[in-house]
Amino acid sequence: MQISNLQSWLPAQRQPLIIAGPCGAESYEQVIETAKQLHALNKISLFRAGVWKPRTRPNAFEGRGEEALKWLQEVQKQFNLKTTVEVANAQHVELALKYKVDVLWIGARTTVNPFSVQEIADVLKGVNIPVMIKNPVNADVQLWLGAIERINNAGITNIAAIHRGFHFYGKNKYRNMPLWQLPIELKTILPHLPIICDPSHISGNTELIPHVAQKALDLGMDGLMIESHNNPKVALSDAQQQLTPSELNNLVDKLIIRNQATKNAEAINDLELLRNLIDEIDDELLSILKKRNQVVQQIGNYKKEHHITIFQLQRWQHILKTRAQLAEKIGLNRSYIEKLCQLLHDESIKVQNEVMNK
Ligand code: PEP
Ligand code: MN
């Protein structure tokens with residue numbers, strides 16, 4: 001897949017790349033005032049605002065539509081800021097193009113639906129506009145990838161993914177679970193794909209945003225999309241998670257920028273030594289796992305000879321309990337070791353099955 005460098009269509013004002021603006025464009029005054037304050041920070045590369053808001057239930061604020069696109073043109077003119085809006089269907093795209101929006105983004109509720117994404121891709125054929133694709137609400141990397149492919153198949157190479165977290169059932173400190181392994185998996189499949197993190201929709205409240213934003217940078221994400229409103233208290237959508245431009249300024253100043261690599265020779269050497277150590281430990285781990293498997297095979301033979309079932313509930317419960325206790329005692333994360341035991345046990349059952357049915 002041909003994907004352009006992010007820098008070529010969205011150069012960062014400074015590091016890290018920041019996309020900011022209100023959840024929704026509510027009024028001319030709110031849009032202009034927010035843009036004015038954000039522009040004054042000299043940190044923003046792209047001004048975001050939803051003009052069509054996908055709301056969970058009807059009768060909530062659903063955006064100002066076409067009228068708001070005129071306000072965004074004012075933002076371009078008055079502050080020389082590039083703009084981006086969410087599009088969810090062909091008509092949104094046509095209007096966004098008519099009003100010269102600079103970048104489009106596809107929201108999480110749209111990425112889930114291949115029909116909608118294809119409809120957007122179809123009207124974008126032959127159009128040269130960058131598109132950012134949020135992850136689908138459900139934790140499905142293939143669906144996210146599929147949406148990116150559909151947009152790319154329309155001839156668009158100025159593409160970025162936006163990681164905004166995943167829906168889950170039940171209570172949690174996050175509004176949407178970050179599940180960092182998913183953007184990492186996507187990056188592994190498409191190494192050239194820029195990935196921008198949206199800490200606002202992951203957090204759902206202003207307190208968590210700094211931690212999520214820093215974590216995104218620690219993982220090497222390419223930028224941040226953060227909701228900012230001139231007066232969050234009266235925001236018509238996502239009031240609890242929007243920062244004032246001055247709060248955003250403080251947050252960005254506190255972020256620690258990490259580089260993909262270092263030029264410091266001593267640091268490179270230290271990292272190299274530690275990596276060698278990890279390599280050795282992994283070698284050892286694998287030979288221990290090999291030894292474990294050999295014993296598992298012997299157990300399989302024994303069970304076969306004596307007509308005993310492979311799965312032994314009490315033994316399994318004992319293993320899980322004692323390993324978890326030991327883990328805690330020596331300072332290892334309990335749930336990490338439980339997951340590892342589960343993997344070992346699954347493999348053990350598989351190996352014994354093979355032995356028995358040979
Ligand atoms: C938004 O960016 O305001 C939005 C609706 O986000 P999401 O698609 O991530 O829910
Ligand atoms: Mn929002």
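Guide: Accessible areas in this discussion come from the Shrake-Rupley method with a 1.4 Å probe. The structure itself is a predicted model.

Visitor: What share of the accessible surface of the protein chain belongs to carbon and sulfur atoms?

Guide: The C-alpha atoms of the chain fill a box of roughly 80 × 50 × 40 Å along the principal axes. The accessible surface of the chain comes to about 19,600 Å². The part of this surface that belongs to carbon and sulfur atoms is 52%.

Visitor: What percentage of the contacts in the protein chain with a separation of 6 or more is made by residues 24 or more positions apart?

Guide: The chain is built with 14 helices and eight strands, and buried residues make up 45% of its 358 residues. Among contacts with a separation of 6 or more, the share of residues 24 or more positions apart is 73%.

Visitor: Which residues are the protein donors of the manganese ion (ligand 2)?

Guide: The donor residues follow the sequence spacing C-x177-H-x25-E-x10-D. The donor atoms lie 2.0 to 2.4 Å from the manganese ion. With their atoms, these donors are Cys 23 (SG), His 201 (NE2), Glu 227 (OE) and Asp 238 (OD).

Visitor: How many residues apart in sequence are the parts that the pair Cys 23 and Asp 238 ties together?

Guide: Both Cys 23 and Asp 238 are buried. Cys 23 belongs to the loop between β1 (18-21) and α2 (28-41), while Asp 238 belongs to the loop between β8 (223-227) and α11 (245-254). The pair therefore ties together parts whose separation in sequence is 215 residues.

Visitor: Which residue has the backbone oxygen that the side chain of Lys 53 reaches at 3.1 Å?

Guide: Lys 53 is one of the residues around ligand 1. The metal donors Cys 23, His 201 and Glu 227 are also listed around that ligand. The backbone oxygen reached by the side chain of Lys 53 at 3.1 Å is that of Cys 23.

Visitor: How much of the accessible area that ligand 1 has on its own does the protein cover?

Guide: Oxygen atoms of ligand 1 lie 2.8 Å from an N or O atom in the side chain of Arg 48, and 2.9 Å from one in the side chain of Arg 109. A backbone N or O atom of Ala 108 is also 2.8 Å from an oxygen atom of the ligand. On its own, ligand 1 has 300 Å² of accessible area, and the protein covers 97%.

Visitor: How many residues of the shell around ligand 1 are charged?

Guide: The shell includes Arg 48, Lys 53, Glu 86, Lys 134 and Arg 164. Three of the shell residues are nonpolar and two are polar. The charged residues of the shell number seven.

Visitor: With which side chain does the side chain of Ser 4 make a polar contact?

Guide: Ser 4 lies in the segment before α1 (6-9) and counts as buried because its relative accessibility is 16%. Not counting residues up to four places away in sequence, Ser 4 touches residues including Trp 9, Thr 157 and Pro 194. The partner in the polar contact, at 2.8 Å, is the side chain of Asn 158.

Conventions: Residues are numbered from 1 along each chain as its sequence is written. Chains are lettered from A and ligands numbered from 1 in the order in which they are written. This is a predicted model: local features need pLDDT of at least 70, side-chain atom pairs count only at pLDDT 80 or more; totals for chains, interfaces and linings use all residues. Side-chain values use heavy atoms; hydrogens and water are left out. Donors are N, O and S atoms within 2.8 Å of the metal (3.2 Å for Na, K and Ca); water is not among the atoms, so sites may look incomplete. Helices (H or I, at least four residues) and strands (E, at least two) are DSSP runs, numbered from the N terminus. Buried means under 20% relative accessible area, exposed over 50%, partly exposed in between (1.4 Å probe, protein chains only). A polar contact is a pair of N or O atoms within 3.5 Å; within protein, one must be able to donate a hydrogen and the other to accept it, and residues adjacent in sequence count only if both atoms are side-chain atoms. Contact means heavy atoms within 4.5 Å. A residue is near a molecule or strand if one of its heavy atoms lies within 4 Å of it. Ala, Val, Leu, Ile, Met, Phe, Trp, Tyr, Cys and Pro count as nonpolar, Asp, Glu, Lys and Arg as charged, and the others, Gly among them, as polar.
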